[in-house]
Amino acid sequence: PIVINKAKNKLKKEDIQMKKNSLFIVTLCIINLTNAQWVSQTSNTSKNLRAVLFLNTEKGFVVGDSGVILKTMNGGIVWSVQPSFTPNDLKSIFFADSNIGYTVGQYGRIYKTTNGGDNWSSFTGDTTYDFNSVHFISADTGYIVGTHGDNGIILKTVNGGANWLPQSFSYGQTTVLYSVHFGNSNYGSAVGYYYNPYNFYPLILITADGGNTWSPKYPIGKPLKSVFFLNADTSYAVGWSDGSHPTILKTTDGWNASNTQYYSANRSLSSVYFPVIDTGYAVGSSGTILQTTDGGSNWNLQPSNTNIELSSVFFLTSSIGYASGASGTILKTTDGGIITNAENIFSLDSEIEVFPNPAKDMVEIRTQPKSLIEIINIYGQLISATNTTETNSILDLSKFSSGIYFIRIKTNNLITIKRLIKE
């Protein structure tokens, strides 16, 4: 962009009034590009990979379309494609312990291993079911959610998968359930959406008695794709984005509507995972990876070095994690995806100003003298960098495509990140 230090016609600052209805706007911070901490792994497949899970630092599994199942015994250095036992898509995998695991997917298929994934046996299910998620709270007790015709379905087993019984709940709408998760043996949630002739709406089902009864909750927003239950009170859910509705939801009181917290990431999210109580990750469209280290008050955008849709995220610890997605994508971090140098990042509420925002052809930046102004796209790629000696600078955006960008201003050892929308 062209920097005009002394503009003859100063751009007028636009006052953007934000609506305050308990909706919190997520903080998206770009980290140092030269220290990107998510590394791509060779999966040896081009299939879409729907779910990733690790049993320890060495042994892990990924499942995906056309029945693909991958296994690693060395922390993802080498992924081997396992013999296929189904041509149908596998959408979720969960291990109750180091030996007993389950994977589920299309056409009501349920597969179980009792020897740590060396062999898998099939449970014959109703082929009119479509399973999206499986979760176990013990070796014997587990849950599956998905769809049966036009209705969401929850199945429960108490005998290690030998029998699966539908759980009753009522909400009187066409529904789909995408994800189920339990914080302990009693408290759990399932999320998805319900549909009426006019739109799709988010749906949360909660249980406090181990899945014997489920109660619906109706938050604002769009359909939800993933839920993570930390404990009896605290849960997170993520889902679709249309640019105007929240995509990250948090509760600290069992999804009571008056206390549900909402965050807008302006991108669709597919999976959320918290390895510890305050540190969590969410992944989704266009290679999005978000991290929070303060219990969801702020979410930081981490460079994934890909624009491929990510479907699943899993962490062994607060620093060792994996993400999987379309076209055989597997990513790994060993330090939580954070920067490794000592640069400090200002909050977005610093004195630096960027206006107008959204902008069409020009944008004005007010900053300290002797600053480095960089523009970064949503994939974490550096688009341009310009040094300025004045407090006011104007950037020419006329050759930029419409979309979301980040302006990173470096002054001495301090960095400020501002999000910019180019119309």
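The legends below walk through several close-up views of a predicted model. Because the model is predicted, local features need pLDDT of at least 70 and side-chain atom pairs count only at pLDDT 80 or more, while totals for chains, interfaces and linings use all residues. Residues are numbered from 1 along each chain as its sequence is written, and side-chain values use heavy atoms, with hydrogens and water left out.

**View A. K422, a buried lysine without a salt bridge.** K422 sits in strand β37 (residues 414-422); strands here are DSSP runs of E with at least two residues, numbered from the N terminus. The nearest side chain of opposite charge belongs to D361, 4.7 Å away; Lys and Arg count as positive, Asp and Glu as negative, and His and the chain ends are not counted. A salt bridge would need a side-chain nitrogen of Lys or Arg within 4 Å of a carboxyl oxygen of Asp or Glu. What the K422 side chain does reach is the backbone oxygen of F400, at 3.4 Å. Beyond four places in sequence, K422 touches A359, K360, L397, F400, S401, S402, G403 and Y405, where contact means heavy atoms within 4.5 Å.

**View B. The largest nonpolar core, with 60 residues.** Such a core is a set of buried Ala, Val, Leu, Ile, Met, Phe, Trp, Tyr and Cys residues joined through side-chain atoms within 4.5 Å. Look for I93, I144 and W299, which have the most contacts inside it. Strand β3 (residues 49-54) gives the most to this core, with five residues. Setting aside neighbours within four places in sequence, I144 meets V104, I110, F131, S133, V134, I153, I154, L155 and W164.

**View C. F200 in strand β17 (residues 199-207).** F200 is partly exposed, with a relative accessible area of 32%; that class lies between the buried limit and the exposed one, which is over 50%. G221 is 21 residues from F200 in sequence, and the two are 9.2 Å apart in space, C-alpha to C-alpha. Along with G221, F200 touches Y193, Y194, Y195, K222 and P223, not counting residues up to four places away in sequence.

**View D. An open sheet of four strands, in the order β3-β4-β5-β6.** The pairing is antiparallel; two strands pair if DSSP finds at least two bridges between them. β3 and β6 (80-81) stand at the edges with a single partner strand each, so one side of each is left without a neighbour in the sheet. Between them in the order, β4 (residues 60-64) and β5 (residues 69-72) are joined by four bridges, and F61 stands opposite K71 in β5.

**View E. Strand β9 (residues 110-113), covered on both faces.** I110 and K112 on one side and Y111 and T113 on the other are all buried. β9 pairs antiparallel with β8 (residues 101-105) over four bridges, with Y102 opposite K112. These two strands form a hairpin with four residues between them, and Y107 in the turn has a positive phi of about 55°. Three bridges join β9 to β10 (residues 121-123), also antiparallel, and F123 is the bridge partner of I110.

**View F. Strand β28 (residues 321-325), with five of its five residues buried.** G321, A323 and G325 lie on one side, Y322 and S324 on the other. β28 pairs with β27 (residues 310-315) over five bridges, including F314 with Y322. In the hairpin of β28 and β29, S327 takes a positive phi near 55°.

Terms used: Buried means under 20% relative accessible area, exposed over 50%, partly exposed in between (1.4 Å probe, protein chains only). A polar contact is a pair of N or O atoms within 3.5 Å; within protein, one must be able to donate a hydrogen and the other to accept it, and residues adjacent in sequence count only if both atoms are side-chain atoms.
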